[in-house]
Amino acid sequence: MDLVTTHKSARRELVSNLSKKMASVFPRSIMGLLRHIGRLANRYGYSAFVVGGPVRDLILGVRNLDLDIVIEGDAIAFGRRLSEELKVSLIVHRRFGTATIIAKDKLKIDLATARKEIYEAPGALPTVEFSSLKNDLIRRDFTINAMAVSLNKESFGQLVDFFGGESDLFAGRIRVMHNGSFIDDPTRIFRAIRFEQRFGFAIDRHTEKLILNAIEEDMFDHVEPQRIRDEIISILKEKEPIRALRRMAELDEFKFLHPKIRLDQKMNKFYSAIDEACLWYESLTFKKRPIEKWLMYLMANLEPLSYKETVDLCSKFVFKRGERLRILSYKKCARKAIGLLSVKKKIRPSRIYSILSPLSYEVILSLMARSNSGLAGTRIKDFLERHNRVRIGIRGWTLKRLGLKPGPDFKKILGKVLYKKIDGALKTKSDELEYVKGLIRKRCMEIA
Ligand code: CTP
């Protein structure tokens, strides 16, 4: 059953019981924290709400601890008091009028002041009760992201839904709040696709028309490339990014990244191979370095680009140094490394080690995914499972004891020992010692 069906069948219970739902979705510590926020808001005479994504996810029964709280009042003063009472740290972002509580387990809760009230007519009093919350919500992207849940004592858990967000959630519909939404912020186009594909929803027809208009008008030309990059990364971090990418292709959105990027059969296969490679890697039982799978997907997307085009793209979208290095090292080495690893004749494991060990895990696993040859795949697996884990027993001080002076030779000698051990020629520490002594003797004879 998908999320919409599950939610439809549970509708009556959900509407009347959001506080119960909260207790089932949030850990007890968070519930305690939310109730505390509600009580403090009462003392201040403020109203406090959880807003946006966490409300959407709460209704869907999905745990989302990325809590955004809107206060109808001074969020910074409120945050200060809250951090004193809870004895937790607070980061104040004065420029934005927001504050972040850092609760236990590094959990972050953002507090913001609801944006200003609308005045119905010049000089009129601000409109009733929820006016400032309403104003805050109306500026948001989609109806499903524009709901709030009250935290005040008397109304704890009450859903505030001015724009039909809940019924859109029941219907599985992504709908903008107003016609200018994508003009205000074109990156919402990526968000629409991300939510549509994440939840198995559908973008509503009018919203899709607005998207197509914005794309035709090249709205992304007015957006900072870094913001587009962040949206692409968010899409690639989704559970099944390929679905959102297919939709992006349908809506002709790749042109904003690079005109050469396309989603063809080859790319589909590459994506599946990346999933397989990562699954295999995750199944290894020893302690492993965490990998950034999204980066591997991106490397796959950039496959049709030349090295120079990739360099330009990395600069344009201001990828972080570490990301750029991995993207470019893959681009630089892929063809040659796969060629070398696919040759039929026997290759010494130390030779494979010398090719793969300077590369990051994302690059190595991408090579594994990209190589169609079973031989290259087996060799990469051997490297990750066995040869990359070989350690030698002797150290620098062992060499010192043997009368060698510390210097660049140390690294060379230890490297030789490691390679011999990888190739299976040395088994024990005394084998290693004998081998080093032999090397020293040979060198003395050469000098003599
Ligand atoms: N928002 C918006 N327009 C944007 C980005 C965000 O209106 N371009 C609003 C939405 O109401 C959204 C909230 O800000 O719910 C928080 O944004 P964010 O944390 O980026 O997204 P989530 O909706 O929480 O989505 P996710 O589950 O992917 O984190």
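**Close-up views of a predicted model**

**View 1. Lining of the largest pocket.** Helices and strands (DSSP runs, H or I of at least four residues and E of at least two, numbered from the N terminus) that each supply at least two residues of the lining of the largest pocket are α5 (53-60), β2 (67-72), β5 (108-113), α10 (188-199) and α12 (225-236). This is a predicted model, in which local features need pLDDT of at least 70 and side-chain atom pairs count only at pLDDT 80 or more, whereas totals for chains, interfaces and linings use all residues. Residues are numbered from 1 along each chain as its sequence is written, and side-chain values use heavy atoms, with hydrogens and water left out. With six residues, α10 gives the most to this lining of the largest pocket. The lining of the largest pocket comprises five nonpolar residues, five polar and 21 charged (Ala, Val, Leu, Ile, Met, Phe, Trp, Tyr, Cys and Pro count as nonpolar, Asp, Glu, Lys and Arg as charged, and the others, Gly among them, as polar).

View 2. F383 lies in helix α20 (residues 374-385) and counts as buried, at 1% relative accessibility (buried means under 20% relative accessible area, exposed over 50% and partly exposed in between, with a 1.4 Å probe and protein chains only). Leaving aside residues up to four places away in sequence, F383 touches I352, Y353, L356, S357, I364 and N388, where contact means heavy atoms within 4.5 Å. The C-alpha atoms of F383 and P349 are separated by 7.6 Å, although these residues are 34 residues apart along the chain.
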